[in-house]
Amino acid sequence: MNIKEILMRKAIKLSIENIDNGGGPFGAVIADKKGVIIATGVNRVTSNIDPTAHAEILAIRNACKILGRFDLSGYDIYSSCEPCPMCLGAIYWAHIDNLYFGNSKTDAKKIDFDDSFIYEEMSLKFNERHLKTEVVLANEATKAFEKWKKKTDKISY
């Protein structure tokens, strides 16, 4: 067995166990290149009453807390399922090197975890989305960005 299979089996095991623990069928593992697990996460949306408590998000939060940094370069994530748009965005923001997953988003759709609507909405213009979206006070909001751009001691991410 190779490291990828071992770590994916751990993510899958977490996803199965989480069902019996009141969570959804999703698990995630973050590990270094040697296969040492840094952090794990499981879907706790309903138990935490938090729509962002997806397995990948919780694994990222746990890894960042353990490592004391927000940049997870040098680490990989193993997810029992292809990440939703929110989780995929978080994986990119965390600078994780590689993503490995088991079930696909098509598999998830078959058990009523359907993200296709979100993917479709993201590609639409603001005025075409189901979520009413409107730009308000852009000329004032830009002041924060101007200030940030001039800041000399900022920590980039």
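User: Which residues form the nonpolar patch on the surface?
Analyst: In this predicted model, Phe70, Trp93, Trp148, Ile155 and Tyr157 make up that patch. Together they have about 660 Å² of accessible area.

User: Ile155, where does that lie?
Analyst: Ile155 is in the segment after helix H7, which spans 138-150.

User: Is Ile155 buried or exposed?
Analyst: Exposed: the relative accessible area of Ile155 is 58%, and the cut-off for exposed is over 50%.

User: Switching to the sheet. What is the strand order?
Analyst: The order is S2-S1-S3-S4, in an open sheet of four strands with mixed pairing.

User: Which strands stand at the edges?
Analyst: Strand S2 (37-42) and strand S4 (98-103). Each has a single partner strand, so one side of each has no neighbour in the sheet.

User: And how are neighbouring strands turned against each other?
Analyst: By 15 degrees on average, with direction ignored.

User: What about S1, in which sense does it pair with S2?
Analyst: Antiparallel, over five bridges; S1 covers residues 27-32. One of the pairs is Gly27 with Val42 in S2. Ala31 of the chain stands opposite Ile37 in S2.

User: How many bridges join S1 to S3?
Analyst: Five, and those two strands run antiparallel. On that side, Ala31 stands opposite Asp76 in S3. Ala31 therefore has Ile37 in S2 and Asp76 in S3 across from it.

User: Is S1 mostly covered or open?
Analyst: Mostly covered, as five of its six residues are buried.

User: What lies across these strands?
Analyst: Helix H3, residues 55-67, lies across S1, S2 and strand S3 (75-81). Helix H3 runs at about 145 degrees to S2.

User: Back to the hairpin of S1 and S2. How many residues are between the strands?
Analyst: Four. In that hairpin Gly35 takes a positive phi near 90 degrees.

User: Last topic, Ser116. Which helix is that in?
Analyst: Ser116 is in helix H6, which is residues 116-122.

User: Why does Ser116 count as partly exposed?
Analyst: Because its relative accessibility is 25%, and partly exposed is what lies between under 20% for buried and over 50% for exposed.

User: What separation do the C-alpha atoms of Ser116 and Cys84 have?
Analyst: They are separated by 9.1 Å, while the two residues are 32 residues apart along the chain.

Key: Residues numbered from 1 in each chain as written. Predicted model: local features only at pLDDT ≥ 70, side-chain atom pairs only at ≥ 80, totals over all residues. Heavy atoms only, no water. Axes fitted to C-alpha atoms, helices over the stretch in contact; angles between N-to-C directions. Contact = heavy atoms within 4.5 Å. Patch = residues over 30% accessible without salt bridge, like charges linked within 9 Å, V, L, I, M, F, W, Y side chains within 5 Å. Areas by Shrake-Rupley, 256 points an atom, 1.4 Å probe, with all protein chains shown as cover. Salt bridge = Lys/Arg side-chain N within 4 Å of Asp/Glu carboxyl O. Buried < 20%, exposed > 50% of the residue type's maximum accessible area, 1.4 Å probe, protein only.
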